[in-house]
Amino acid sequence: MFSKILIANRGEIAVRVIRACKEMGISTVAVFSEADREALHVCLADESVCIGPAPVKDSYLNCTAILSAAIATGAEAIHPGYGLLSENAKFAELCAQCHIAFIGPPAEVISKMGDKDMARKIMQAAGVPVIPGSAMVTDAAQAAQEAERIGYPLLIKARSGGGGRGIRMVNCTEEFEQAFRLASSEAQTAFGDGAVYLEKYLFPAKHIEMQILCDHQGKVVVLGERECSVQRKHQKLIEESPCALLSEKTREEMARAAEQAARAAHYVNAGTIEFLLDRDQNFYFMEMNTRIQVEHPVTEMVTGIDLVKWQIRIAAGVPISFDQKDVQVEGCAIECRINAENPALNFRPSSGKITLLHTPGGPWVRFDTALYQDYMVPPFYDSLIGKLIVHAQTREEAIRKMKAALCELVVEGVDHNADLYRNLLCEPDFQSGNYDTGFLEKLEKAGKVSKQTF
Ligand code: MV4
């Protein structure tokens, strides 16, 4: 087992990983930018190293500075968290070259699953159903032919995109050529790779993802699903487990497909397989995420399994000590992402000093955050300031518990979106579980969750 781990991230996920390390008796190294000198993850770590100025490109994305900090402090492993370098195959490769364990999958697996066209091909070959669509299309004429074959509406997705980045909707033939050219140039700019592929736009559908854990000894365990259909501009807002409308039969089939996908990808460590589920309980592979996800606490709350600790153990070569039959999903968990932004001002990001913080408590109420009283929320990073996760025996009770926790939460000094959730959780479609990827857009169109006011 490692004796020292460097956490190459910031905010709530850095705090989460440091806490796991403390419980495992592992020493921790925090890295921070000049803007994060007073951040909680720096205070909690055993050691800390400044890796550069505020902008992420000069600090948290600075591979050389991070690896130098790991070597200088004698860290044997690096946990990348999510976002930032967590799905950067080159960084994972650099760690290997420096004989520092990357707490995640091997670099080549990150690379293969990061190529969404290749990921689809691997899944198709493994018999995992994929969304009807095309292979990579390079020229407009070929792409237009594929578009006619697939039918409209369709999505143009960037090969190197993912998680909502590099997606463009096309509703009819007339729109296609211009959309294709825009999508390709946007992908080139954003990812250095202009390659795109086409997918039939599945709607109505639910976004269901399966959590997997895979060790170096070839064991694959599926830890249940999370529903993530409530998204705004491809940012997840509410996640829950289990999915209320997933039949037991489909759940079992989807879990087997996730296992097949993991084996086809030669996956190791924690990962997520994203599916779309249609009204007839047909499901289709969308993409594979090769990192711990923001919403991992939802799975931890219904299974009792600490995913971050298992990431660390697996990276140290420890076999998974339980089997699929030992995984029990009990009750229901819901997560709401608390972002420092103002929904009434079209979700404009907010920063500033936390003048008052009161966090909710009680049985199975968890608030993962890096906030503290008088902390100065910097303007340089993403707006997530905390995740509120609750667990209860029934979905109805979990919704009541989440509403109560949201009412109890006090964060003064920055704008935030906690009130948004109190509205969403009261919506009949959410209450019934009968909601899909169009949930938020439908409410915005009805003026019930408008960009201006609530
Ligand atoms: C889709 C889709 C329907 N059809 N792909 C991909 C990135 C992720 N953030 C959402 N993604 C989707 N990909 C096809 N072929 C539906 C979603 C989707 C979604 C789309 C628009 C608005 C909200 C959404 C919530 C979940 C999933």
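Me: What conventions apply to the numbering and to the atoms used?
Reply: Residues are numbered from 1 along each chain as its sequence is written, and side-chain values use heavy atoms, with hydrogens and water left out. The model is predicted: local features need pLDDT of at least 70 and side-chain atom pairs count only at pLDDT 80 or more, whereas totals for chains, interfaces and linings use all residues.

Me: Why is Asn339 called buried?
Reply: Buried means under 20% relative accessible area, exposed over 50%, and partly exposed in between (1.4 Å probe, protein chains only). Asn339 has 9% relative accessibility and therefore counts as buried. The residue is found in strand S14 (residues 332-339); strands (E, at least two residues) and helices (H or I, at least four) are DSSP runs, numbered from the N terminus.

Me: What does Asn339 touch?
Reply: Not counting residues up to four places away in sequence, Asn339 touches Leu237, Ser383, Leu384, Ile385, Asp415, His416 and Asn417. Contact means heavy atoms within 4.5 Å.

Me: Why is Val329 called partly exposed?
Reply: Val329 has a relative accessible area of 41%, so it is classed as partly exposed. Val329 lies in the loop between helix H11 (307-315) and S14. Beyond its neighbours within four places in sequence, Val329 is in contact with Leu223, Gly224, Val302 and Thr303.

Me: How do you know that the span of helix H9 agrees with expectation?
Reply: The expected span of a helix is 1.5 Å times one less than its number of residues. For the 17 residues of H9 (residues 248-264) this should be 24 Å, and the end C-alpha atoms are 24 Å apart, so the two agree. H9 is followed by His266, whose phi is positive, near 50 degrees.

Me: What makes H4 and H5 roughly antiparallel?
Reply: Axes are lines fitted to C-alpha atoms, for helices over the stretch in contact, and angles run from 0 to 180 degrees between N-to-C directions. Angles under 35 degrees count as roughly parallel, over 145 as roughly antiparallel, 65 to 115 as roughly perpendicular and the rest as oblique. The axes of H4 and H5 cross at roughly 175 degrees and come within 8 Å; H4 and H5 are therefore roughly antiparallel. Ala89, Ala92 and Glu93 in H4 meet Ala107, Ile110 and Ser111 in H5.

Me: Why is H5 called roughly perpendicular to H6?
Reply: H5 (residues 107-114) and H6 pack at an angle of about 95 degrees, with their axes 5 Å apart. That angle makes H5 roughly perpendicular to H6. Lys112, Met113 and Gly114 of H5 and Lys116, Met118, Ala119, Ile122 and Met123 of H6 make the contact.

Me: What makes a set of residues a nonpolar core?
Reply: The term denotes buried Ala, Val, Leu, Ile, Met, Phe, Trp, Tyr and Cys residues joined through side-chain atoms within 4.5 Å. The largest such core has 66 residues, of which Leu6, Ile78, Phe91, Ile238 and Leu424 touch the most other members. Helix H3 (residues 63-73) gives the most to this core, with 6 residues. A second, separate core of 33 residues includes Ala30, Val268, Ala315 and Leu384.

Me: Which residues of H3 are buried?
Reply: They are Cys63, Ala65, Ile66, Leu67, Ala69, Ala70 and Thr73. Their cover includes strand S1 (4-7), strand S2 (27-33), strand S3 (47-52), strand S4 (77-79) and helix H4 (89-97).
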